[in-house]
Amino acid sequence: MPELPLSPPSQQRPDATRLESDRSTAMGPIIDFAPDVSCLDVERLSLSYDGKMALRDLSLRVPRHRVTAFIGPSGCGKSTLLRALNRLHDLNEAVSRQGSIRLEGQEIHAPEVAVDELRRRVGMVFQAPNPFPMSIYENVAFGLRLQGGLTRRRMSDIVEWALEAAALWSEVKDRLRASAWSLSIGQQQRLVIARTLAVRPEVLLLDEPASALDPISTLKIEELIRSLKSQLTVVLVTHNMQQAARVSDYTAFLHDGELVEYAPTASLFTNPRLARTENYITGRMA
Amino acid sequence: MSLAAVTGFRTWQPRGEGPWAWLAAGSVALSLLLLAGLLTLIAVRGLGHFWPASVSLVELDDGQVFAGRAVRELPLPAADGAGGARERLYFTGNRDLDGHVWQWVAVARITASELPRELVVLERSRHGDFIGRLVEVVTAGQQGTSVGEGGRGGGDGGGTATWTTLQERLSAVDALRAERDELQQRVIPPLVRRLENDPGDRATQRRLAETNERIRGLQESMQTDAAVLESVDGRRIVLTLDEVLRSWRPNAMSLPEKLGAWGRGVGRFLSEGPRAANTAGGVWPAIFGTVLMVMLMSLLVAPFGVLAAVYLNEVAHQGRLTNWVRIAVRNLAGVPSIVYGVFGLGVFVYGIGGSIDEWFFSDELPSPTFGTGGLLWASLTLALLTLPVVIVATEEGLVRIPDHQREGALALGATRLEMLTRVVLPMAVPAMLTGMILAVARAAGEVAPLMLVGVAKLAPQVPMDGEFPFLHLERKFMHLGYHVYDTAFHGDDIQAAMPVVYATALLLVLVVVVLNLTAIFLRHYVRARHGALSRH
Amino acid sequence: MIKPLSAAPSTRSPRRHLLDRLATGLIVAGGIGVILAVLAIGAFLAIEVVPALFSGALSQAQITLSLSPLAWGTLKAAFWALVFAVPMALGAAIHSSVYMSPRLRSRVKPTLELMEALPGVVIGFVAGLVLAPWVERHLTGAFALLLVMPLGILMAGGVWRLMSPALRQRLPLAWAGLWLVPWLGMLGLASLELAPWLEAWLFAGDLRGWLDTELGIDYASRNALIVGLAMGFAVMPSVYALAEDALSGVPSSLGEGAQAMGATRWQTLWKVVLPAAAPGVFAAVMIGAGRAVGETMIVLMVSGNAAVMSLSPLEGMRSMAAGIAIELPEAVPGSDSYQLLILAALLLFLFTFLVNTLAEVVRSRLRRRYRRLGDVS
């Protein structure tokens, strides 16, 4: 994907500045829909990183069994928000947090919530494929083995199902014992998705899952995302606005750690209500 | 048209890099040359020690005759400065006859030098080697085969017959000796122990007496045969065969025979104990001591080193303090080994060892049990010495594992322990192995700290035997590196000890080099693998 | 095609969490314990010595009297080791980071690493019992070698420029580290052959006597020069490895800029690369000095161990490390000599620890700088 051209603010269209002044940001974000069934509820979430604010007082609700995309320029906090959803920031002592996140109504930061159980329910796939140095089969079975209590038969059924769900089964069914690192990058990313699906999460978080892939693999992943939404809630962080437009049902535009606009994808892309959003999606703001 | 013509370059010749570039290249070449020279020297001298070298019969201009092995030749320190005069050193053996084993001879004085086939070399348990002729073999009560008086004229045929007899008798003696050693080492000690516990045990007493009787009998039958030997200048000695350890006729051996003898010599060097104040025989106890100590050290250093590395890299708060600790640990790898030795002596030997003696072995005081250098303290000291190596190498391996591998495991619901044991540590195994091998290589070659905490010039007992508790951690032990130092610097006859020192040094270098090559190979493999991973 | 997801079972297992907490506790306790044990070395040495120092049990005069020859010997040995090691190590590092072909470099680096691993006791034995008597016998030859080697290398450079381009291509500078080896070997043998004539001609056939009568230098067979040579051999690989890392870590964009303007590689190195890498090279030398100061077996076996304080490189010395190794096992714990030796160990510890810390700080600064430079390019 080509770098977005940088343009100094003085070159912005005059009507863009007018739009901006019309609706002052002091009013808070523009949220253009009310999800009927929300799966994740983020409320007044603030996150700082070594004293630097990464997310500011951010609230949004992610609808169940839909694909929601977070877009925004680099450093806008979209990945930070995604990682907050399965508490990956716990690893980092430099991060401090205020506000709450609820999964199906339950606060994920509550003391009685075991973080590994939360992460099992909220799966995550990262930008670069990160298969473990084991066989393809073992990679998919990894999460299952952690929980134990599965017969060998049941385990291989689930592995097969997960690989099939990730549209990888037909490509690897003859070499399940081969090293996962022998797969192509695109296959590796689908393997990672299969691995995540195998533990049957309710939410799937995808952090720019296709940014390291070639166009054909990207297409396969996008197809996969669309097919998954009938069974789970998908949250997608992406740099690529065409991808957000193609795949997602709802899109949230973040900027500078704040939620700027959140609307059904079609309306956000065709009729953005804020100048900042429009500048970003038309490529005038990096 | 050439570019030179257009632009007016002087020539197409590249501009010289100047003399400094050549000096830089030369220092690479020089260090390679030095390294190759050192290794070749040790290898040639170390392996040459086992070669059954020819023994020459030398006649000097004053009529003196002697037999010996030429060892080396030097220019004579001539006052007249007329170059060319040289002198030669011969190893002549026969310490009991001559009182010395070396002879320097000016090359110019040698009138004749030949290699008679009948010259024999006998390695004896006393007085070192004998070089001369075999006259006859006397077996119990009867006259053995002999080459007759003046065996020199008897030619080859008669000598061969006597030689064959000697070999037969010697192998018989060897069998008897093996039986005696078996009885002494395996049968007697349990009986003695049983008697210590129950002095009144009649059956055991009887059995002990019987065994001792049997050993005496064996010893007597070993002494029944004797060889009559004659030095080349005609002095005779009679030698009972139990004193002969090995015999060969270097001048009569063919190349394959020499190769075979060489191989057996190497084998004996590796499997036998030292003799004659460490100047002859093998280094088996030193190999055993080195390996045992290194193994004990590995058992200590591997888990603790990995634990510390995992703590520093995976668990500890990555703040300034951790960074300082990391630098300090790294620096400890550069602290001289002798300082670790001082620490080992002060804390382990005098401190902990002294206290153990007071609490548990007070009846043996003032002679110390643990309060003196020993295997345990040496292993602990070396473990401390090599901990930084293992910690640094393991940490390097852990740092190379990309964070997204850890996050991937956590995102699947793994706990920290599960993430570490199933994903992170398996990936760091080659790095840990590298660290361990480097640690072992360093420990195997390290001598200075051992001089303070437990190495022995000559340990009568190896630290492991059939006696409870089998592994004697308090005993002193022998070590290859210290063997080199001690034999080379504290012997009476350095000239005679040199071959053994060379061979021991070669063995030590081989061990260290093989270990290091393995580590280098492993590290290469790790880098290649992680390189492939991080390209993603 | 895809079966619906079954409802996720709740599989929260308290055992896993207990295990996790236990293991974390173990790692923390073990890690801190190990690190404390390692760091205890400094503490132990200080505790043993400092009270004696302050209570006056060890008087100033006593310390000066017994430790100054040892300190002098240590510094003298380290100095001569560095005299041999630093030029060789830096030369080799420069050659292998700038000129050498990558294929040869990937072989030479592990070879020199191997050299670093050679046990000190083996080097000490060869230097003390083989090299020292040999040099004593071939004094002229040995000095001739010191002179002939650099000259021979320069000669090779000169001859190389006069060779035909085809031959130059066959013997490129990038492989000079290898093809100079036989040339140097030949030169060495030739100079040894010629040495007796040289000696007869210049020093009336007896250099040693000449040194004694003309310069008043007493030649000891185990002397500082031999120690320096042996220890230089032992120290050189570690200095080389660190200096090479520093030099080849300089972002290539820096050097390429200079070369694009027509500088030779040597000029580029001297004007651009070396200044950028200077702290790293300095750190390498420091670490080499630390190793030379602490090396025990080589000094013990080669120096003769006479506690003399002389400037002459042709006389022996006794170093702190060697003194500790010889005397400490016999010293009675708590006695003056014991405490003096522990004080020597403390000094060694402090010196190497400080030198290494300094080097480490310099190196980490440098790494950060390279990263910045690399980012810019």
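Let's start with the domains of chain B: in this predicted model, chain B is divided into domain 1 (56-271) and domain 2 (284-535), with bounds that come from an automatic or database domain assignment. Where the two meet, the contact takes six residues from domain 1 of chain B and six residues from domain 2 of chain B; two residues are in contact if their C-beta atoms, placed from the backbone, lie within 7 Å. On the domain 1 side, helix α6 (residues 255-271) of chain B gives the most, with three residues. Helices here are DSSP runs of H or I with at least four residues, strands are runs of E with at least two, and both are numbered from the N terminus. By class, that side of domain 1 has five nonpolar, one polar and no charged residues. For the classes, Ala, Val, Leu, Ile, Met, Phe, Trp, Tyr, Cys and Pro count as nonpolar, Asp, Glu, Lys and Arg as charged, and the others, Gly among them, as polar.

A quick word on conventions. Residues are numbered from 1 along each chain as its sequence is written, and chains are lettered from A and ligands numbered from 1 in the order in which they are written. As this is a predicted model, local features need pLDDT of at least 70 and side-chain atom pairs count only at pLDDT 80 or more, while totals for chains, interfaces and linings use all residues.

Staying with chain B as a whole, there are 15 helices and twelve strands. Of its 536 residues, 44% count as buried; buried means that 20 or more other C-beta atoms lie within 10 Å of the residue's own, exposed means 12 or fewer, and partly exposed is in between, with C-beta atoms placed from the backbone. Among contacts in chain B with a separation of 6 or more, residues 24 or more positions apart account for 67%.

Now have a look at the sheet in chain B. Five strands form an open sheet in the order β4-β3-β2-β1-β5, with antiparallel pairing; two strands pair if DSSP finds at least two bridges between them. At the edges stand β4 (102-106) and β5 (110-114) of chain B, each with a single partner strand, so one side of each is left without a neighbour in the sheet. On average, neighbouring strands of this sheet are turned by 45° against each other, direction ignored. Strand β3 (residues 86-91) of chain B and β4(B) pair in the antiparallel sense over five bridges, and B:Phe91 stands opposite B:Trp102 in β4(B).

What does chain B touch? Towards chain C, 78 residues of chain B are in contact with 86 residues of chain C. The largest share of the chain B side, 19 residues, comes from helix α2 (residues 19-48) of chain B. By class, that side has 59 nonpolar, 15 polar and four charged residues. B:Leu33 touches C:Val181, C:Leu184 and C:Gly185, not counting residues up to four places away in sequence. With 19 C-beta neighbours inside 10 Å, B:Leu33 counts as partly exposed.

Towards chain A, 16 residues of chain B are in contact with 24 residues of chain A. Here α11(B) supplies the largest share of the chain B side, six residues. This side divides into seven nonpolar, seven polar and two charged residues.

Over to chain A itself, and its strand β4 (residues 67-71), where five of five residues are buried. Both faces are covered: A:Val67, A:Ala69 and A:Ile71 on one side, A:Thr68 and A:Phe70 on the other. Four bridges join β4(A) to strand β9 (residues 233-237) of chain A, running parallel, and A:Val67 has A:Val234 as its bridge partner in β9(A). Four bridges also join β4(A) to strand β10 (residues 250-255) of chain A, again parallel, with A:Thr68 opposite A:Tyr250. Then there is helix α2 (residues 78-85) of chain A: eight of its eight residues are buried, so it is largely enclosed by the rest of the structure. After α2(A) comes A:Arg87, whose phi is positive, near 55°.

Finally, confidence. The predictor gives the complex an ipTM of 0.85 and a pTM of 0.79. Chain C has a mean pLDDT of 81, and 93% of its residues reach 70 or more; pLDDT is the predictor's confidence in each residue, from 0 to 100. Over residues 1-12 of chain C the pLDDT is below 50. Where pLDDT is low, the predicted coordinates should not be read in detail.

Conventions
Axes are lines fitted to C-alpha atoms, for helices over the stretch in contact, and angles run from 0 to 180 degrees between N-to-C directions.
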